[in-house]
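Subject: Structure handover

Hello,

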Amino acid sequence: MLSVLRVHLPSDIPIVGCELSPYVLLRRPDKTFTTDDVPESAPLDGHFLRYKWYRIQSDRKVAVCSVHPSEQATLQCLGCVKAKIPVAKSYHCSPKCFSDAWQHHRVLHDRAASAVNENGNEEEEIFGRFNSTGAGVISASLTGSASSTSLINGSTPLYPTAVTQRSGGETWFEVGRSKTYTPTTDDIGHVLKFECVVIDAETKLPVGHPNTLLTSRVIPAPSPSPRRLISVGGADMMGQLDSDGRLSSSGTFTVLSYNILSDSYASSELYSYCPSWALSWPYRRQNLLREIVGYRADIVCLQEVQCDHFDEFFAPELDKHGYQALYKRKTNEVYSGNIHTIDGCATFFRRDRFSHVKKYEVEFNKAAQSLTEVAVQTTQKKVALNRLVKDNVALIVVLEAKFTNQGADNPGKRQLLCVANTHVNVQQELKDVKIWQVHTLLKGLEKIAASADIPMLVCGDFNSVPGSAPHSLLAMGKVDPLHPDLLVDPLAILRPHSKLTHQLPLVSAYSAFLRGIGLGLEQQRRRMDPATNEPLFTNCTRDFIGTLDYIFYTGKLIPECLSRRCLM
């Protein structure tokens, strides 16, 4: 007979707006195991599964800390109440929490006071954005009754919520009848209960006891940090290309490069300082999508995109926002996990701005095979391949601009753009492999440039800090023969050092900040390293703060620079 062996959630702290999808392990009548659903429409051996979700509401009201949303609040800022700041922002879990957060917290007071002084009473306009995350409506969750009259959750339309049980000062409201459930603002501060039971398809009665699990209290989704784009001023920085008329100053476009951190790497072992709910994919994917869409970039280059996440989430979601998607999965000669969760590079472009002309895929493993065949002694081939084969790839896309900017002397000339998106090997001790991968990519781009004479963008996570040999090769077109990184070359693949050059006139997009004028640019320059003309960091974790991600361009092409990496 069909039976449920185990149910659990990847994270036991539910967040408003983030879908909960329990893992349910089943044993089939033939004693085999599965995690596949068994719906009423397709019973197995006369049985199916029925799911229910409950909200457990206590008669005792519970407030949640605005800084540590998994903690219960113990004090409230009366200044927030007086200023009519959303009540959720007023709660703190301890005096130390309030003290540590005061510098940021007082900004809320200042904004509220400024709004009253300048515009009368505009708190709703200023703080309304917090309500979109559910963080500003905690007072609704402190009531003892359900406020929703009709719900749709998971994939099943639901019915008005109903009290199903009351015991010991607790009331259980049934809120869902599908396997998945997405917490709402009504759930904030309350525990959820998931129930899974085997049902006889003929009698419609339960068989055996239900399997249940309880979550922690639902927390509001933290308000995202505001992002601000800095315009690069100056006549030579308006996104124009060289004088051949391919793109003029009216042909500006924006580019975003972003290592989104693959879910397979977002583990508590690597990021032990992050709460489990912040690492969960349902929470992270929602924030990533909101941020990516919010930039409204014309071209988006993402790294560490899992194959299944590209197919099931990013491609269809960004398609809704007008983007066409292209993807190159990493090779799997080294990778030993689930083939569907291997990551790769994804490039998206707005269909109303560009059309796809051609796609090239670079597999560094294949290049390693070719290199060892001609440049490595037979006795060293196995050692060489073990060192060079790392599954890294690059995705190169040739696009044609749909906006027309041709001059009178160039009527009808195609406006082409080549966009390279890559993720270079991460292992810091393999300096020779990093240099070789970057050099291999640049030589391939040289061939494309020579055959088509088109401008280029080179984006990605190069896992190389400013001043390193890979960065020097990209930014300067060569590597100093005395560079210390060249000392790591056990296979002699970098010799002679004079070959480490390229002819592409690449410039780091960040350097545009050094040529503009304006207050915003002055503030940005303080975040730049004057020795390398690169930002102080694009990657910020507990163990490393530095720059690894870049956007390079050729010619006079200068899009607005949007290079971000997933910050943990």
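Buried here means under 20% relative accessible area, exposed means over 50%, and partly exposed lies in between, with a 1.4 Å probe and protein chains only. Strands are DSSP runs of E with at least two residues, helices are runs of H or I with at least four, and both are numbered from the N terminus.

This is a predicted model, in which local features need pLDDT of at least 70 and side-chain atom pairs count only at pLDDT 80 or more, while totals for chains, interfaces and linings use all residues. Residues are numbered from 1 along each chain as its sequence is written, and side-chain values use heavy atoms, with hydrogens and water left out.

S11 covers residues 191-200 and pairs with strand S12 (residues 206-217) in the antiparallel sense, over seven bridges. Two strands are taken to pair if DSSP finds at least two bridges between them. Valine 191 has arginine 217 in S12 as its bridge partner, and isoleucine 199 is bridged to proline 206 in S12. The two strands form a hairpin with five residues between them. In that turn, lysine 204 has a positive phi of about 60 degrees.

S11 is also joined to strand S4 (residues 47-58), by ten bridges and again antiparallel. Arginine 50 stands opposite valine 197 of S11.

**The sheet S1-S2-S3**

Three strands make an open sheet in the order S1-S2-S3, with antiparallel pairing. Strand S1 (3-8) and strand S3 (33-34) are at the edges with a single partner strand each, so one side of each has no neighbour in the sheet. Strand S2 (residues 23-27) is joined to S3 by two bridges, and arginine 27 stands opposite phenylalanine 33 in S3.

**Two isoleucines**

Isoleucine 339 lies in the loop between strand S15 (323-329) and strand S16 (343-350). Its relative accessibility is 29%, so isoleucine 339 counts as partly exposed. Leaving aside neighbours within four places in sequence, isoleucine 339 is in contact (heavy atoms within 4.5 Å) with Cys307, Arg329 and Asn332. Cysteine 307 is 32 residues away from isoleucine 339 in sequence, and the C-alpha to C-alpha distance is 8.1 Å.

Isoleucine 545 is in strand S25 (residues 545-546). Isoleucine 545 counts as exposed because its relative accessibility is 56%. Together with Leu536 and Phe537, Ile545 makes a nonpolar surface patch of about 300 Å². Patches are made of residues with over 30% relative accessible area and no salt bridge, joining like charges within 9 Å and nonpolar side chains (Val, Leu, Ile, Met, Phe, Trp, Tyr) within 5 Å. A salt bridge is a side-chain nitrogen of Lys or Arg within 4 Å of a carboxyl oxygen of Asp or Glu.

**Overall figures**

The protein has 13 helices and 27 strands. Of its 568 residues, 50% count as buried. Among contacts between residues at least 6 apart in sequence, 70% join residues at least 24 apart. The accessible surface of the protein (Shrake-Rupley method, 1.4 Å probe; for residues, only the protein chains shown count as cover) is about 26,600 Å², and 52% of this belongs to carbon and sulfur atoms.

Regards
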